[in-house]
Every structure is written in structure tokens, then in C-alpha cells.
Amino acid sequence: MRERQPKILRGPVPRRKEDDQVVYIDNDSAPRILFSGEDLLLEDLPIGTRVVYPKPPIEGLANPGAAIRYALNHPLDTAPLYAQLMPGMRVTIAVDDISLPLPPMATPDVRQTIIEILLELLDANGVDDVHIVVANSLHRKMTEAEMKRMVGAKIHEAFYPDRYYNHDAEDPDGIVHLGVTDKNEPVNINRRAVESDLVIYVNINLVPMDGGHKSVTVGLCDYDSLRPHHEPETIRASDSYMDPKRSALNTKVERMGALVDKHMNVFHIETALNNRMFAGPTAFLSKNEDEFTEFDRLKFEAMKWSLGKLPAAAKRTLFHAIPAQYQLIACYAGKTEPVHEKILVRCFEQYAVNVRGQADILICGVPYISPYNVNSILNPLLVQVMGLGYFHNMYRGKPVLKKGGVMILTHPCYDEFDHNHHPSYIEFFNRLLPETRDAMKLRHKYEEEFAHNPSYIEMYRRGNAYHGAHPFFMWYWGENGRQHIGKVIVAGAQNAHVPAMLGWERAESLTEAIAMARSFVGPSPEITLMHHPPIVMADME
Amino acid sequence: MGAAAFYDMDGTLVRTNLVHAFAYNARNQQGLWRSVKKTLSTFASVPLFLAADFYNRRLFNDIFFVRYRGESEDRLRYLADELFETTIKPSIYPGAYTLIAKSRELGLRQVLVTGALDITVEPLARHLKIDDYVTNRLEFVDGYATGRLLPPVMAAATKASWIRIYAEKEKLNLSDCYSYSDSMSDLPMLSVVGHPTAVNPDLRLRNTALQHDWPILDLR
């Protein structure tokens, strides 16, 4: 009898579950929930679509205060903090800004917990000359209310505004030039920090790009110090910038950070949070839809219905008012590099999901928030940075999407900008993008003009505006995505001109977008949905 | 081609306005009775000035500068430095200094385009190291003000046309120029350059700036 030949399969390869967080859509799968700005979509995906879910939250530390104290007393590669303190010394506590975590966590923020412990310790050791500086770099300055929320009323009252303030990258007297690296990269850092006997950096590591030398070297620098690495060539050479070992951005920052360490005494405190972004009534948003209870479905329908009735601004306010229920899962202190290494292990433990094989079509729901629009609007440039920047770069090994594949984003792409937070974005979008989308041309022809625009500088310094050069950085952030992806389609964009300006195509619905993508990549594509948020990173085999 | 930054003065770089300068002169008339009379009359006219300015800057100029009729040129000039030191200098917005400094660093020529009087503006321009300025000028006959302004009267569209002519003469590229104002009446001056900015704007200018996606700056 002739031996039966194995069946030759066409189309998608046979499935073997690579990770508990990876699910394949079949005949009886539930429709999937996708964010589309401030709305929630419920979409039936084609059979065979791979859905990658974030890992469930790692259980938070039972006693964060004890963990922080332990880290301060048992630091890596340096003496315990108490042993470094002397009466009369000058100490600066630098702290990550509002771009982390996302959305802002329920109070008390982990930064408040750490700073309270630090201040007790400093006080007990006779250290009075203490300033707290928000390491906002060229991000917008935090408002007083945001600063108060971050550290609590007690610290705010005692330190604000004279000893608790935002870093000012444009203060002519507030920046010190530390030197240049062997690659001619200038390192300019906040004067108060440089002139302190000890800088204590309080970090939150939300994504692996954060932390390490980036904290001081970027958080407390000026425009000239950002230019060497916030540029298109560096981003193109980063594969990806969420994977520090293969990130040219990280290499440059580390080189500059080594120079910082030569001149400054930095005691680094890094923390890792779990991904409990949604909890309580919104916890269902983190769940696999196949495992929804009737109550979950009811809550989803009620939420979707309510959101459908509200105007965009009200929905935005509502979402921004819901804090995340993150919990501390790790805290290390000491020298920057070993601390960061330890924290990265915990970050990847929380975020990385094993994924086998690249996709032809990658679907991502773009939520209402990014690091650059807390309490504000996710404008078109930020939609771009979420898609081509963050979502594309959430991998280790190789991108989830094949070279030349199609990325489908779900977002309304409204043509709205926050005039207080993003004034230079408006000019960038309306004046520069119609002329060119070439990042190199934009950098060489226009970046300095925007960076030195006196109005934008004053709005950054006196108001709450991102620096004039920031929209350029956002465009560069999408550069390796732009080089890799063949086509971007925005499903549900409410206008045609915003996607067109970004170089994208528009589809009325996700179904239409998938049909358009199929006509581009072929009839039997591998489709993957990355079920953000919360954050999920693909460990690509 | 070069570029310049054009600034309105009152309300933009300084908190004071034309009425403050006039009130200072009124308070410092020769003789107590004249000072009291002129101060009270100025104070009583404030609602009229506000209404006229809200309606039209030209109408405001017509009814405001006539109040200078009979003032001696010598005395106005004599009081100008004192007016600057006591009233105008403390009213300069803190952000004005850094804005001008940054602008100068860019190599932009610094130009004041204001409806205030030349005698008031001169000390301020010196203090802020302004390269050029154009102001309104009172007409004097035999050393006394007639209450009329010499043409061109700097207000609204005249400011814009002065900027155009100035740019042509000085070979400036208007697309690279900046202009700063707080008032809706300066919309033409803002519209004529490539980089307009509303500074401490009134409600009408704020709304216009939002519609046109212009930066809105608070120097206070």
C-alpha cells in the first residue's frame, strides 16, 4: 500500500502555540477589542489571525517601601546611600517626568514613595541643600498640579517652586558643558546637577528604551546634546531601539553617559512596574476576549455605548482621569549600568512574549495616550510615532512585520493639536510635511530653525510646550518603521488628508483595510494583531 | 536676505499702554490744580478710550491724541526719561528680555512697530537694545502739541505696510521674519510675516491665533 503523503499546505503555516499569550483566531473565536483613539472597536478578524496579548501583570511587591530601602542599603557597585551622605553636602534628586508611566499611576506614585524615603534619609544625615529637578529634557514642563500629584502634597509644599522645579534646557545660565565624547558628541547637563556633590536619579522603566544612562544624559541635557542621537541615521541603525543591545541610540547615550559619570557622582535608582494598566471596572481590556464572562461583555458594551455618546473632548478627559493601577515589581539602586541591567531583565520578563515567524500584515489599535500627550491630544504626529515608532519597535530579534509588509492602525486621525503643548507640531505638520517626509531633508533644512524659534523657546520655558525641535524627534522616531514597512493603512480615519500627509492610506473599516493589505502583500497573508495596550513586546524567534 | 523680528510694544513687551503714559504726564502738569484736573479728566475718559479701542484703533487715536493739545514739547521730552524709569521699565514683562535675546542670537534685526509716541519709546528702545523703531509722532507748532499725529499714523494696516516697505528697503525676507503683538488690531502686522506670534493676546486675537495655528506666548 502506498504511504500517504503529507498534505501540502498552502497559505498560512501550521500553528504551534509559541507562548501562552499568543492566540489564533478560529471559527468560534470572539471578536477582538481594539483601541481607536478614545473609542473601542469590536472587530471580527480573519481566521488564522495571530493575536499577541500582553502577559498578565507580575504580582507587585508586597512592601514597596521595604524594597526601596533595601535597594538603597544594598546598592550595586557602590557604597550604600547613607554612607555617601555628609552634612552640608549639596544633593539633587532628579526624577522622570510625566511621560512615564502611561497613563499616570494611581497615587501614591512610586516616585513619591522613593522621594519620601530619600528625604528622610537625607534629613537624618544632615543634608539640607536638596533640590528636586524634573528631568523633562525637551519635553514640556509639568504643570504645578501634575508636579504636586507626582510627589504628593507634603513634598510639594515643602519644595515647590524654589527647590522643586522642571529642568530648563534653554536656560542660558542653567547648563554646563562637560566635554565631548571621542565621537565629538557634546555633553551639556543641568548646572544644579553638575554642581551637586551627589545626584540621585529616580527612574521608572516603562519600556526598555528608558532608564540607564538615558536618565541623566538625556533627561537633564540641552538641545545640542540631544542632536547627536535624536536623528534619523541613529534610529535607522537601531534594530530596535527597544532592544538596548542592538540600539545605536543606546550605544551613543552610553558613550555620553560615561562622560557624565566621569564628572558627576550619580546614584541611580531604577524601578520596574508591572503592566496592570487596567484594573477594576476596566480590567476586561487586558483579557483575552475568548475568556470574557457575560459581565465582561456587558461592561464592554456599556463602555462602548457611553463612549459613542460622548464628544471627543469629553472622552479624552474621561480616559485621562483614569489612573493606571501599576505596582512596583523591582527596585535596584547603585551605579547606572548594573542597575539598569537588572531592571531590564524584569522589564522583559513582564513585557516579552515569544512570537515565531514574521507577519505580512500587522494590526495595532492606537490608544488615546502616548508618552507625549498626557492630559492632551494624540495629534497626527503622535499617531505616527505610536505606529511607526513604538509599535514597530516593540521587538527583540527581528520586527514582527516582514520587510515591505503592511501595518494597519486603527485611529480616527483627527486633525487636532494642542496649542499649548504642541505648537511647533502644528507648523511642522502643516508647513513641512506637504513639502517633504524625508527625515534627512527635514533635519538638515528645518530642524535648527524650529529649535531656535524664539516663540517656541519661550513657550517651552514659560509655558507647557514641547521644545521647537520635538516634532522632528517624533518624526525620526518613526524612521526605522518608515524604512521597513511597505504600506500603512489607517482604518477608521475620519478624514483623508491626515493619513495622506503622513504618507499613509485610509480605509473606512478594519475589514476594508485588511482587504487593501491583501491586495498589496498577496492573498494568503500572515496576519498578526498586537493587542496593545498594555505594553507587549515580541521576542521574535 | 536677512530677517527681522517686529514687536508691538504696549501689552506685548510692556504691561503699560498709551493711557498710562498720558496719565503720567497728566499727573505731572505744572501746578497742582492742572495736574488734578487733567488726571481726573483722563480717568473719566478711560471707558471712552476702551470703547473706542474695541471698535477701531484709528478712532481711538483720533480721540486720544487730541488730549495732548497744548502740551509743551520740552516738558514731554523732559518727563520721558522719568516716565520710563518710574512707569515703563518696571512694567517690562520678564519674558520680553529673553525673547529679544534669543531673537537677537538668531541674527534677527530687532524692530519696534508701535502706536506709542516716539518720546516714550526712545528710552525703552535703548534699554532693550532695539535696532530700529517706528512710532507715532505728535505734531508740534511753535513747541506745542496740536493734538494731531504726523503721518503715517501707526495703527492696524499702516503697521503692516510700513513693515513691507521696511523689508524691501532693508532687503529682508518677510517669510523669515517674526512679528509679535497682543492685540487684534495688529492682525495685519502679524499676517504679513512668516512667523506671527500672539503675545499675551486678548480674547479676539487668541481665537484668531487658534484658528490660524499661530503660537500663543505668555511673557507675563
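I started with the largest nonpolar core, which has 228 residues; A:Ile93, A:Ala94, A:Ile200, A:Ile408, A:Ile489, A:Met537 and B:Phe6 touch the most other members. A nonpolar core here is a set of buried Ala, Val, Leu, Ile, Met, Phe, Trp, Tyr and Cys residues joined through C-beta atoms within 7 Å. Buried means that 20 or more other C-beta atoms lie within 10 Å of a residue's own; exposed means 12 or fewer, partly exposed is in between, and C-beta atoms are placed from the backbone. Helix α14 (residues 380-393) of chain A gives the most to this core, with eight residues. Domain 1 (22-55 + 288-323 + 352-540) and domain 2 (64-273) of chain A both contribute residues, so the core lies between them. I noted that domain bounds come from an automatic or database domain assignment.

I then picked A:Ile93. Apart from neighbours within four places in sequence, A:Ile93 is in contact with A:Ile115, A:Leu118, A:Val130, A:Ile132, A:Ile200 and A:Val202. In contact means that the C-beta atoms, placed from the backbone, lie within 7 Å.

**Ground rules**

I am looking at a predicted model, where local features need pLDDT of at least 70 and side-chain atom pairs count only at pLDDT 80 or more, while totals for chains, interfaces and linings use all residues. Residues are numbered from 1 along each chain as its sequence is written, and chains are lettered from A and ligands numbered from 1 in the order in which they are written. The model scores ipTM 0.81 and pTM 0.90. Chain B averages a pLDDT of 89, and 99% of the residues score at least 70; pLDDT is the predictor's confidence in each residue, from 0 to 100.

**Two domains in chain A**

How far apart are the centres of domain 1 and domain 2 of chain A? I found 28 Å, taken over C-alpha atoms. In the contact between them, 33 residues of domain 1 meet 28 residues of domain 2. On the domain 1 side, β15, α16, α17, α18 and α19 (479-484) of chain A each give two or more residues. That side divides into 21 nonpolar, eight polar and four charged residues. Helices (H or I, at least four residues) and strands (E, at least two) are DSSP runs, numbered from the N terminus.

**Where the chains meet**

I counted 14 residues from chain A and 16 residues from chain B in the contact. On the chain A side, α15 (423-432) and α17 (454-462) give two or more residues, and α17(A) has the largest share, seven residues. That side holds six nonpolar, six polar and two charged residues.

Why call α15(A) largely enclosed by the rest of the structure? Because eight of its 10 residues are buried. Among them are A:Tyr425, A:Phe428 and A:Phe429. The buried residues of α15(A) pack against α14, α16 (439-451), α17, α18 (470-477) and α20 (497-502) of chain A.

**Strands**

In chain A, three strands form an open parallel sheet in the order β13-β20-β15. Strands β13 (352-355) and β15 (395-396) stand at the edges with a single partner each, so one side of each has no neighbour in the sheet. Two strands pair if DSSP finds at least two bridges between them. Two bridges join β15(A) to β20 (residues 537-540), with A:Tyr395 partnered by A:Ala538.

In chain B, β5 (residues 178-181) pairs in the parallel sense with β1 (residues 4-7) over three bridges, and B:Phe6 has B:Ser179 as its bridge partner. On β5(B), B:Tyr178 and B:Tyr180 point one way, B:Ser179 and B:Ser181 the other, and all are buried. In a regular strand the side chains alternate between the two faces of the sheet.

**One loop residue**

Last, I looked up B:Ser72, in the loop between α3 (57-64) and α4 (73-88) of chain B. B:Ser72 is partly exposed, with 14 other C-beta atoms within 10 Å.

Conventions
Contact = placed C-beta atoms within 7 Å. Nonpolar A, V, L, I, M, F, W, Y, C, P; charged D, E, K, R; others polar.
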